[in-house]
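Subject: Structure for your files

Hello,

Here is the structure you were waiting for. My notes follow below it.

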Amino acid sequence: MAIRNFWSMAAAAVGFRLVLVLFGGDLHLASRPEVSTPLTSIRRLAEGYWLKQASMSPYSGSMYHGSPLLLLVLGPLTNKRSVGHHDHIYCSLIFVAVDFIAAMLIRATGRRLQIARNRNLKSLELTEAVSNSVNVSAGDIASLIYLWNPWAIVTCVGSCTSPIENLMVVIMIYGACSRLAPLAAFGYVMATHLSLYPAILIVPIILLLGYGPDAPPTKVFRIKSSSASKTDVSDNDKSSSSRDVQQFLWKPVFHFILWMLFWTFYVLLLSSIVLNKVGGLQEMFEKYFFAEVFDFFRSFFLIVFNMNIVFMVLPLAIRLKHRPCFLAFIYTAIVAILKSYPSVGDSALYLGLLGLFANELAEMQFTFFLFFGYIGVSLLSPVMHNLWIWRGTGNANFYFATGLAYTCLQTVLVVESVSSMIKHDRKLRLLVTA
Amino acid sequence: MASSAKEEAKPKPRLIVRLGVFLASHHILFSAVCCTAGIIALLFLPSLAKNTYLSENALIPGSANTLFSTEDVQEANRFAKGIEAAIGESRGGTTEIPKFIAQQTKNLGAEVYYHEFLPDSKCFHPLKFFTSMTNNMAAKPNGTYTNFGINTVGIIRAPRGDGKEAIVLVTPYNSQKVTPNELLSLALGFSVFSLLSRAAWLSKDIVWLSADSQFGEYSAVSSWLNQYHNPMFLSHPVNLDTKIYGANQILYKPDGTAEKAELMAFKRAGTMAAALIFKVGETRKYGDRDSVTMYAEASNGQMPNLDLLNVVHYLAVNRQGFRVNVETFNSLLSSSWLRVIAEVFQNLGSLLRKINPDWKLDVTVPDYVEGTANLASSMYNQALGVPTGSHGAFRDYQVDAVSLEFAPAFHLKNENAKSSFLLRGGRLTEGVVRSVNNLLEKFHQSFFLYFLTAPSKFISVGVYMIPFALLLAPLPIVAAALAGGSKTKGKLEDECKTKGNADDLQMEGGSWKWLKSARVLLIIQFWAVLVSLLPYYISQIPGAMPIQYAVIWAVLSITILIILYAMFGSPSRAGVEWKLLKATMITSITIGMGLMSIINFATAQLGALILIPMCLFSRPLRAQLEMNFLPRTVLLASNILLTVLGFPPAAFLIMKGLSKGSWTVDIVGDFWLWMEFLWEWSSATYLYVFLVHLPCWLLCIHVLLHPCYQPESKMKQE
């Protein structure tokens with residue numbers, strides 16, 4: 001069931017972005033802490049580019065923390081000004097295009113997942129039971145969510161580099177879903193290069209390449225095949241039915257690793273060419289990856305901070321190994337919760353990916369609460385900021401409290417989506433055994 | 001079999017869950033109780049007011065002997081005579097007074113300069129309070145102006161200071177027509193300034209701004225503050241300034257270009273620690289004590305730190321023998337129904353005191369009535385979000401400021417009484433300056449969020465939040481009950497089906513059913529945004545009457561609503577369950593009210609009194625048919641009454657009509673004027689009315705007129 005008017009709605013979203021970029025005037029979005037962080041701010045990028053032009057290292061101060069590649073690609077654009085528009089108009093136009101591409105890739109990913117889902121349900125003979133009740137085109141929904149998500153729009157218009165990071169993650173997932181090892185490797189290397197956190201996505205990517213897109217648990221297939229073999233006494237069928245259960249294919253994984261090495265070298269080479277002009281590679285690794293905390297506890301904080309993310313990787317991978325794409329979604333959500341310098345751009349990405357599982361998560365709980373919670377928090381945050389910075393009647397804790405509420409909401413979203421996905425799998429098993 | 005065993009072994013849910021379920025199942029009773037409790041708590045507020053106290057020890061008001069003496073009074077008299085002479089000489093020219101003030105100030109050895117400004121043009125900027133104070137000088141059109149105001153600013157550099165902080169004294173006067181009162185306040189300002197120029201103890205610079213209030217005090221002060229805080233670094237010199245100055249050569253001697261440059265250069269002192277605006281008003285009551293009225297409400301319900309008011313109050317009452325007032329609603333003071341309520345509360349308070357002697361809630365009837373009148377005025381001024389004087393301009397830059405309006409109790413020709421008044425007024429001002437001068441930090445110790453029930457009594461945020469919290473408390477419960485109620489049915493079906501045969505298990509996506517009602521909400525919010533932006537375009541139409549503007553506004557709003565419904569489908573046809581629609585409405589006002597209570601508490605409090613009962617007790621008229629006669633009529637009456645009151649123009653109309661006693665069509669035009677007043681002052685109340693109140697009212701109408709079709713699934717089941 002495809003969504004009617006998909007293209008008109010998508011075009012409207014792009015048009016809306018363009019209107020905001022071209023005629024919105026200066027919305028001061030780039031100075032909002034929720035939108036652009038020190039890592040993604042394009043104003044810092046412009047500053048870094050200026051330093052580079054003045055043959056100073058952009059990494060020597062604490063001004064620029066982003067990637068040297070972005071400096072190379074976007075830097076020249078930050079210099080160009082157009083009269084009557086805001087400062088970084090060309091970059092913003094690029095971000096609009098980037099958002100559109102990302103949305104289209106999400107849609108394509110959704111298509112792949114849909115095909116896989118239909119095939120699996122057919123092989124389980126559950127098409128009638130499950131598919132007929134809820135069968136929306138998840139790809140369309142997901143890409144529309146991504147395009148119309150106010151946060152994605154704000155990120156895009158507010159000129160920060162998050163759309164590019166998001167695009168790389170989407171490229172990686174799309175590449176892995178359609179088993180295009182070079183593309184997946186490119187996305188992976190670029191995403192990791194741009195913000196490091198997507199590194200943990202290697203797990204779902206390898207699972208995707210090895211097992212193929214999301215499927216019900218292997219146990220369900222086994223039950224199905226055993227019940228089938230009960231009816232068909234002949235043993236000949238057994239081998240054929242067990243073929244339904246996906247085997248881990250080493251070949252695409254191997255390709256992926258080879259390509260990954262290739263891209264890594266390429267990116268490093270490119271970066272170091274840039275860096276030869278601007279400073280040593282060493283410096284980049286010193287300055288660019290690490291957030292600034294107290295000097296004494298710097299390493300301790302870094303470990304504790306980032307360990308939180310790593311802790312989640314393995315248990316989730318074991319529990320959800322049959323649904324690698326969903327696993328990737330959960331990982332991006334966890335990264336968005338726990339990363340240093342989170343922004344609404346990260347949330348825009350995982351909310352877009354959430355749409356890919358519209359069929360599976362139809363029974364999710366607390367959606368009403370989550371929806372209005374997200375709206376409330378995103379309105380509360382500027383108000384609290386205003387109270388703290390401009391009026392002086394509040395203090396930093398007010399703003400911090402909003403951050404806590406936001407994290408709670410995200411946690412509820414992750415927990416609920418995982419549990420409803422597990423519930424969905426259980427339901428499939430019940431349907432098969434029945 | 002297995003499932004039934006599972007059910008038996010199912011542990012009891014946690015206490016908090018059970019409590020939530022219990023509350024949700026009794027949500028009607030709970031919301032009625034909470035609303036009543038909220039209104040009672042609101043009425044209790046005057047009895048809960050506490051006496052003010054000085055929080056910041058560094059202030060130590062009144063600890064030093066005042067230096068302001070009769071000599072300074074003579075100086076003031078001399079200054080007043082000088083100005084009178086200058087006015088006589090000028091014969092209608094407006095530049096003589098600034099010139100005279102500048103000359104006198106210069107003679108004291110202070111720095112002095114003129115600040116010239118244009119009157120504020122009327123602008124539609126409802127969101128200005130939300131952004132930083134941007135420089136709006138550049139937005140003004142080009143052209144030559146003959147009509148502009150001149151502020152004269154004198155600065156004393158503190159002998160013991162580092163020039164990083166300053167105290168601002170403001171005396172507004174109308175340069176077009178100086179009244180004897182204004183003359184007196186200028187004289188008072190000058191004499192204090194001259195005393196301070198000789199003070200050795202000063203550690204903060206003193207800035208004396210004699211603000212030209214011919215376009216209103218506020219615009220004079222705010223334009224000076226704007227230039228003070230937003231230095232203009234323009235690549236090309238501003239034409240505007242040269243044009244103003246070119247038009248007026250009288251101010252400066254034709255040859256004195258160097259002197260002119262010196263007088264025109266904008267000079268600054270440090271960050272402002274506090275500002276004191278004082279003016280002498282009309283004589284009120286002969287023979288009584290001289291009184292001072294404190295005005296403190298700045299834009300959007302912001303108040304200066306309570307310590308500043310405390311210092312003023314302490315010095316005025318205990319040292320200089322003034323009577324201190326705050327603004328009040330005089331009509332409430334004489335109302336008989338308030339007296340009845342006061343008696344009830346007095347009895348209630350004394351009863352409570354018998355139960356526990358620590359509860360000091362019994363206030364006498366006159367105290368309660370006066371407290372209520374002051375509290376109502378304080379709340380109203382905060383809720384309106386429009387500053388009550390030029391102190392509001394300071395608060396926009398986070399400077400604590402208070403306006404003092406002296407009301408002398410003598411005739412202004414009585415020289416003796418005038419001298420005594422000047423002496424005490426000067427000492428009061430000197431004392432306040434001295435206290436603020438002692439400060440080492442910005443005001444931060446005392447409250448920023450409070451209501452005043454008397455000059456020395458306040459209700460802090462912790463207390464006045466209780467009624468609002470009580471009103472707001474049932475909202476999430478009711479929303480949960482309604483949203484959950486329409487879901488449980490589906491869930492039960494699911495459960496029984498999984499228990500039995502899973503063959504025809506259907507996933508209805510029950511938990512996403514609210515999406516439809518969210519869509520309705522989004523459409524209506526979008527409409528509300530459009531309606532709130534319309535005045536920007538409508539006010540561009542030149543030369544129409546307010547009533548015409550108002551009618552255009554209404555017609556356009558309705559047209560837009562119809563167009564939106566035609567485009568996206570009207571809510572009545574969308575097949576949304578009314579319970580979900582109501583749940584969505586309640587959630588949206590929970591968010592709206594919560595946000596508004598942070599931006600401007602008083603608005604949220606007053607809005608909640610109408611909006612929350614209106615939402616909580618709304619029920620489709622068709623669904624009411626099933627009820628018994630008595631509850632039905634009560635519900636119907638309350639629904640209709642609240643809905644009428646909840647419509648902003650209707651509420652305004654009724655209020656105006658009751659206060660004026662006349663019901664003419666002009667009231668529609670008055671509504672436009674009132675809205676214009678709100679957005680010109682960039683009051684958040686405007687946004688509240690159109691982005692929270694109006695959409696909620698419309699949703700409420702939709703709930704009331706809901707067709708209440710039986711849901712299809714239910715019909716099938718039956």
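A residue is called buried if 20 or more other C-beta atoms lie within 10 Å of its own, exposed if 12 or fewer do, and partly exposed in between, with C-beta atoms placed from the backbone. By that count Leu42(B), with 21 C-beta neighbours inside 10 Å, is buried. Leu42(B) belongs to helix H3 (residues 27-48) of chain B. Its C-alpha atom is separated by 34 Å from that of Ala550(B), 508 residues along the chain from Leu42(B).

The model is predicted: local features need pLDDT of at least 70, side-chain atom pairs count only at pLDDT 80 or more, and totals for chains, interfaces and linings use all residues. Residues are numbered from 1 along each chain as its sequence is written, while chains are lettered from A and ligands numbered from 1 in the order in which they are written.

Chain B

Chain B has 27 helices and 11 strands; these are DSSP runs numbered from the N terminus, helices being H or I of at least four residues and strands E of at least two. Of its 718 residues, 42% are buried. Contacts (C-beta atoms, placed from the backbone, within 7 Å) with a separation of 6 or more are 84% between residues 24 or more positions apart in chain B.

Helix H6 (residues 180-198) of chain B has 19 residues and reaches 27 Å from first C-alpha to last, close to the 27 Å expected at 1.5 Å a residue. That expected span is 1.5 Å times one less than the number of residues. Because 15 of the 19 residues of H6(B) are buried, H6(B) is largely enclosed by the rest of the structure.

Chain A

Chain A contains 19 helices and 0 strands, and 45% of its 434 residues are buried. For contacts in chain A between residues at least 6 apart in sequence, 77% join residues at least 24 apart.

One helix pair in chain A is described here. The axes of H7 (residues 150-157) and H17 (residues 344-354) of chain A come within 8 Å and cross at roughly 135°. Axes are lines fitted to C-alpha atoms over the stretch in contact, with angles from 0 to 180 degrees between N-to-C directions. H7(A) and H17(A) are therefore oblique to each other; under 35 degrees counts as roughly parallel, over 145 as roughly antiparallel, 65 to 115 as roughly perpendicular and the rest as oblique.

On the H7(A) side, Trp151(A), Ala152(A), Val154(A) and Thr155(A) meet Val344(A), Gly345(A), Ser347(A) and Ala348(A) of H17(A).

Regards

Technical notes
Two residues are in contact if their C-beta atoms, placed from the backbone, lie within 7 Å.
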